[in-house]
Amino acid sequence: MSENVRVRFAPSPTGPLHMGGVRTALYNYLFAKKHNGTFVLRIEDTDQTRYVANAEQYIIDSLEWCNIPFDEGPGKNEKYGPYRQSERKDLYKQYADELLEKGWAYYAFDTAEELDAHRKDHEANGKTFIYNWHNREKGRLVNSLVLSSEEVEQRIANGDKYVVRFKTPQDETLILQDEVRGIIKIDTNTLDDKVLFKSDGMPTYHLANIVDDHLMKISHVIRGEEWLPSLPLHTLLYKAFEWEAPKFAHLSLILKPVGKGKLSKRDGDKLGFPVFPMEYTNEKSGDVSRGYKEDGYFAEAFVNLLALLGWNPGTEQELFSLEELTQAFDLARVSKSGAKFSPDKAKWFNQQYLQQKSAEELTELFLPILNSQGVEAEKDYVQNVVALVKERANFVNDLSELSNFFFADPIEYDPKAAKKQWKETTGELMTELVSVIEGIEDFSIKNAQTEIKRWITSKEIGFGKVMQPLRLSLVGKLAGPDLFEIMTMVGKETTIKRIQKAIAALG
């Protein structure tokens, strides 16, 4: 790609960043890095009524955690700054004025009450009210297309509330190109005249984002499909300003696990999974929303699962490092249809990344958890434990339950297992087994296994009659890694103590 690729992620700081937003940021990042381009973060905070104070920092922290940091943005390489729209508001009026002068826009003085009356009147007649070519010059609507220039100037001088609307052309067919969806044809007669600027000095999203994208030299706009209906207006705005438009790509939705409708926080709350990258606390209500980070997901796993929600590499490969994603990513392979989110698949991704980590890496993550539980153990011992149990874990936190018997005696025994495996004669067998273990001088895995199996064979009984009650004694349930690994790890004395404790408890 010969042109200088510049893409932007432009969220509104109205709350926590949804995982769909993170995916949009990720696709922008991957596209930029693949083409040696620039990834820009712009905060679109023109809607001050919904502004949330801590949302911007949350967005930045989330991108950092995902390891997809921006190249330019608030406080970082502000080449075309500022990067908050609220700090750029003074420049938008000149562009609104330019559109007015060129005849691409007009003043509209209709009040909210008047517009509401028009809507109700249309509804009463089974019609839909649209402010556009059909009615903007018929005299019922109050705008500069029907008022004299003197009347317009007087109204503005009087402080009358107004908006600047875009004058959508009539009887034209727009041929739009989308990098994901292909050719789109739009009849301009179906479009309304969107508001671009308000008398309070604030632009709407439509004007601000076009101006900012142009001034920041954005080459590709990769955004969610909710903005697809705005594509005709945005294309017309570029035409009106006589600017070269960027290439557009509209990403499909991330769908609910059932497959219908956009994935929402409510779905996550209902089915028990997060929809935000990091935990978020609502400053007003104090409500805490779960995050993938705090739920124990590795950032690499979260990014990997997001990448495949709407993009297909064209191969059977599912596990990608960020570098591999960068090389493989292609807008041509982004799906036009929504991608159904699977909580089970998300866990699978994390499990795969956990298995790729060494016991040493996992031990560093597991030690603080043990310490918080009041468990003190040598690092080498913990590392050996982790090596034995990691293959059964999906999350680092799972290591606690999978290994607790390595650090403390069982305090109870699985009742179902005890009923099935601990028979009337089991206590006698276990007492005899204690004697066998006491006689093993070199308590290694090989020696313990050899002596105990020799004794079982000599008794002419099934191995299960001894090994299952022994596991129950050491673990408290019929689970865990190799039994002789457990015995030698906890040691000879602890093994004997636990068997005697089980005999006393189970008879």
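Predicted model: local features only at pLDDT ≥ 70, side-chain atom pairs only at ≥ 80, totals over all residues.
For the residue classes used here, Ala, Val, Leu, Ile, Met, Phe, Trp, Tyr, Cys and Pro count as nonpolar, Asp, Glu, Lys and Arg as charged, and the others, Gly among them, as polar.

Rolling a probe the size of a water molecule over the atoms shows where empty space is left. In this model, two cavities of 30 Å³ or more were found. The largest cavity has a volume of about 50 Å³. Its lining is made up of Lys-265, Gly-268, Asp-269, Phe-273, Pro-274, Val-275, Phe-276, Ser-289 and Arg-290. Sorted by class, these are four nonpolar, two polar and three charged residues. Helix α8, which spans residues 265–271, gives the most to this lining, with three residues.

The second largest cavity holds about 30 Å³ of space. Around it stand Lys-93, Ala-96, Asp-97, Leu-100, Tyr-107, Tyr-162, Val-164 and Phe-197. Here the classes divide into six nonpolar, no polar and two charged residues. Helix α3 (residues 89–102) supplies the largest share of the lining, four residues.

A search of the whole structure finds 24 aromatic pairs. In one of them, the ring centres of Tyr-58 and Tyr-280 are 5.2 Å apart and the planes stand at 80°, so the pair is edge-to-face. This pair links distant parts of the chain, as Tyr-58 belongs to helix α2 (residues 55–65) and Tyr-280 to strand β11 (residues 280–281), 222 residues apart. With a relative accessible area of 6%, Tyr-58 is buried, and Tyr-280 counts as buried at 5% relative accessibility. Both values can be read against the cut-off for a buried residue, which is under 20% relative accessible area.

Another pair is formed by Phe-273 and Phe-341, and this one is tilted, with 5.0 Å from centre to centre and 50° between the planes. Phe-273 lies in the loop between α8 and β11, while Phe-341 lies in the loop between β13 (339–340) and α11 (343–356), so the pair ties together parts that are 68 residues apart in sequence. Phe-273 counts as buried at 6% relative accessibility, and Phe-341 does so at 2%.

Elsewhere, rings meet charges. The charged end of Lys-345 sits over the ring of Phe-349, 5.8 Å from the ring centre.

The last stop is helix α19 (residues 483–490). Six of its eight residues are buried, so the helix is largely enclosed by the rest of the structure. The buried residues of α19 are Leu-483, Phe-484, Ile-486, Met-487, Met-489 and Val-490. As for what surrounds them, these buried residues pack against α13 (379–389), α16 (426–438), α17 (445–459), α18 (464–475) and α20 (492–506).

Conventions. Residues numbered from 1 in each chain as written. Heavy atoms only, no water. 1 Å grid on protein atoms, 1.4 Å probe; cavity = no way out; pocket = protein on both sides within 12 Å on 5 of 7 lines; lining within 4 Å. Points joined across faces, edges and corners; volume = space filled by probe spheres on them. Helix = DSSP H or I, 4+ residues; strand = E, 2+ residues; numbered from the N terminus. Phe/Tyr/Trp six-rings, centres within 6.5 Å; stacked < 30°, edge-to-face > 60°. Buried < 20%, exposed > 50% of the residue type's maximum accessible area, 1.4 Å probe, protein only. Lys NZ or Arg CZ within 6 Å of the ring centre and 35° of its normal. Contact = heavy atoms within 4.5 Å.
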